[in-house]
Amino acid sequence: KKRLDRPSRRKHPLGVRTLGMYLSGNKGQSSQPLRNLGMIGVLNDNLVLALLEYLAPKDLGLIGSVSKAFLAFSFHDDLWRYLVLGSLKGDFVWQRSWRQTWITSASRKDTHISRQTSHIAHISPIEEVGIDCNLCSDTLYHSWRCKTADIDSSWISKDNITRVECKNLSIETFVEEVESKNQPVMMSGAMDGWSCTEKWTNRYLAQNYGSLKFSVGGYQMALENYLNYMSSEPLDDQSLYLFDPNFVKTCPSMGSDYQVPPFFSKERDLFGVLESSRPNYRWLIMGPKRSGSTFHKDPNGTSAWNACVRGVKKWILLPPSVTPPGVHSSVDGVDVTSPVSLTEWFINFYHHLPDVGVESI
């Protein structure tokens, strides 16, 4: 089989590389350079990061001055992500990285936190440090690679979904040709006349709903702050995803900016019989580049329709009986184990899709 080209590797700003990269660039070497992590150097990188999660922000910043290796670990942005989300929840303003966000947002919010962050505020953003830590770490480098990898053209070139034109499509024909076959389709023209396709710019949303809170990654976040995060295209391999089931309650006017296509009208909505007891059934979804949801089965046996108001969304669909490569689920499909980020899955497993034995969509 032809092997697909992998996304290019970018140099880590602190000189972190994989052991393979180090050995291939240093012929004759049989081992990696010293890690200079003291007593905890015997631990693997994941355990080192797990220990660093227990440090207070001041100590996490200061430990970077102990050695170059500790500097590289202290700049691992996921550590600062935990601090921001754990302490500030959704009440923060994005500043280039999770580390910079903690330094600025936390110090504004709390004078006690300000005293902690004053010890590390003088340290530059990672791309401006200019130090080669000469550290071999598959864990740190792979995280950086997933954050910075370009979207490979092979990931988005496949487009084999069936398309139907809605203009002259009756409900009866839709049921017979589409719904009864239980097959995914792209419905062209279903959004004709929707005002949201013109109105919902970042500027409009910020001006009209910027101070209102939406559900983002399990936290409540002001929409203006999320739009700032999203538009900056953060280097974040687990990008925060706005996924709000109550957007029409929060912003009633947004509900009139789109119309439910007749194929999914109230008269055909079986969950409608539950009235006020029905589960969540509509969501506003936003995300920056590389964001999205991992492989899953929708709950409650639902069949969903999605409308892409702005941007482009990549879907990969497989029959419910097929487990995607790199994904492991329980027998009932409730618990799913998969790569941490979408980019990680695409880098390591996308080229294995033909191996599942059925054609993906």
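**Ground rules.** I am working with a predicted model, where local features need pLDDT of at least 70, side-chain atom pairs count only at pLDDT 80 or more, and totals for chains, interfaces and linings use all residues. Residues are numbered from 1 along each chain as its sequence is written, and side-chain values use heavy atoms, with hydrogens and water left out.

**Helix α5.** I take helices (H or I, at least four residues) and strands (E, at least two) as DSSP runs, numbered from the N terminus. I looked up α5, residues 77-88. Its expected span is 1.5 Å times one less than its number of residues. For 12 residues that gives 16 Å, and the end C-alpha atoms are 16 Å apart, which agrees.

How many residues of α5 are buried? I use buried for under 20% relative accessible area, exposed for over 50% and partly exposed for in between (1.4 Å probe, protein chains only). Nine of the 12 are buried, so the rest of the structure largely encloses α5. Among them are D77, D78, W80 and R81. K89 follows the helix with a positive phi, near 55 degrees.

W80 came up again. R99 lies over its face, 5.8 Å from the ring centre. The rule asks for NZ of Lys or CZ of Arg within 6 Å of the ring centre and within 35 degrees of the ring normal. R278 over Y281 also qualifies, at 3.8 Å from the ring centre.

**Aromatic pairs.** A pair of aromatic rings is described by the distance of the centres and the angle of the planes. Rings of Phe, Tyr and Trp (its six-membered ring) pair if their centres lie within 6.5 Å; planes under 30 degrees apart are stacked, over 60 edge-to-face, and the rest tilted. I count 19 aromatic pairs by this rule.

I checked W155 and F346: tilted, 5.1 Å centre to centre, with 35 degrees between the planes. W155 lies in helix α9 (residues 153-156) and F346 in helix α15 (residues 342-349), so the pair ties together parts 191 residues apart in sequence. W155 counts as buried at 7% relative accessibility. F346 counts as buried at 16%.

Then I checked F174 and F263, a tilted pair at 5.0 Å centre to centre and 40 degrees between the planes. F174 sits in helix α10 (residues 171-177) and F263 in the loop between α14 (247-250) and β6 (284-286), so this pair ties together parts 89 residues apart in sequence. F174 is buried at 4% relative accessibility. F263 is buried, with a relative accessible area of 4%. Ring pairs link both into a cluster with W194, Y258, F264 and W305.

Is Q220 buried or partly exposed? Q220, in strand β4 (residues 219-222), is partly exposed at 45% relative accessible area. Q220 and G90 are 130 residues apart in sequence but 5.4 Å apart in space, C-alpha to C-alpha. In helix α13 (residues 223-231), the buried residues are L223, N225, Y226, L227, Y229 and M230. Just after α13, E233 takes a positive phi of about 50 degrees.

**Cavities.** A cavity is a set of points on a 1 Å grid over the protein atoms alone where a 1.4 Å probe fits but cannot get out; lining residues have an atom within 4 Å of a point. I find two cavities of 30 Å³ or more.

Note on methods:
1 Å grid on protein atoms, 1.4 Å probe; cavity = no way out; pocket = protein on both sides within 12 Å on 5 of 7 lines; lining within 4 Å. Points joined across faces, edges and corners; volume = space filled by probe spheres on them.
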